[in-house]
Amino acid sequence: MNINPLSITKAFLAIALVVLLFPACKQNTTSSTGVDSTNAVYVFVNSDSLLANYDFFLKMKDDLEETAKNLEIQATSRARTFQQEVERYQAQAAAMTPAQRQQTEERLSRRQLEVQQYQQGLAQQINLQEQAANDSLYTKVAKYLEEYSKQKGYKMVLTFSRNNSGILYADPSLDVTTDVLKGLNEAYKKEKKK
């Protein structure tokens, strides 16, 4: 069984961060680069940096990896037990009657199916947990960006990712990643204290 936790998180966040927002006012803002983006209504967040430094995501990733590791151990244990049953049968098959061999082979066939279904169930379980984590991540980031954009007067927050981006170039003054990341991590710390 090959469980790959967070296999879609990066792509999901890269697509999902394109959040349309509707603030009414414009304010003077200075990005982390020190460039005045007074007239900026569109800014971007580098999702690679966000994922690498957002404490909530890092905790979520660790939790999912731990869960996947535990599920992998369970799946491997079941597969190993089944393999041992098959090896015992192979060692004893010559001494069995044809009826005993047929009965054992049918039982092993059912066991093999049970092991495969168990592995599929574990994979589905981790996928559901991953989806829930992605939904939670998206909700937190989108909610924060909505408030952040209202405060700053931005009309749209785009995402930039090195591997999956619709942005080929953007003025560095439009990069609000550092500011957004700081706010997200502060909000997460407050949330953890509750």
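Student: How many aromatic pairs does a search of the whole structure find?
Tutor: The search finds five aromatic pairs; rings of Phe, Tyr and Trp (its six-membered ring) pair if their centres lie within 6.5 Å. This is a predicted model, where local features need pLDDT of at least 70, side-chain atom pairs count only at pLDDT 80 or more, and totals for chains, interfaces and linings use all residues. Residues are numbered from 1 along each chain as its sequence is written, and side-chain values use heavy atoms, with hydrogens and water left out.

Student: Why is the pair of Phe-44 and Phe-160 called edge-to-face?
Tutor: Planes under 30 degrees apart count as stacked, over 60 as edge-to-face and the rest as tilted. The planes of Phe-44 and Phe-160 are at 65°, with ring centres 6.3 Å apart, so the pair is edge-to-face.

Student: What makes this pair a tie between parts apart in sequence?
Tutor: Phe-44 lies in strand 2 (residues 42–46) and Phe-160 in strand 3 (residues 156–160), so the pair ties together parts 116 residues apart in sequence. Strands here are DSSP runs (E, at least two residues), numbered from the N terminus, and helices are such runs too (H or I, at least four).

Student: Why is helix 3 called oblique to helix 5?
Tutor: The axes of helix 3 (residues 55–92) and helix 5 (residues 177–193) come within 8 Å and cross at roughly 60°. That makes helix 3 oblique to helix 5, since angles under 35 degrees count as roughly parallel, over 145 as roughly antiparallel, 65 to 115 as roughly perpendicular and the rest as oblique. Axes are lines fitted to C-alpha atoms, for helices over the stretch in contact, and angles run from 0 to 180 degrees between N-to-C directions.

Student: Which residues make the contact?
Tutor: Asp-55, Phe-56 and Lys-59 of helix 3 meet Asn-185, Tyr-188 and Lys-189 of helix 5, where contact means heavy atoms within 4.5 Å.
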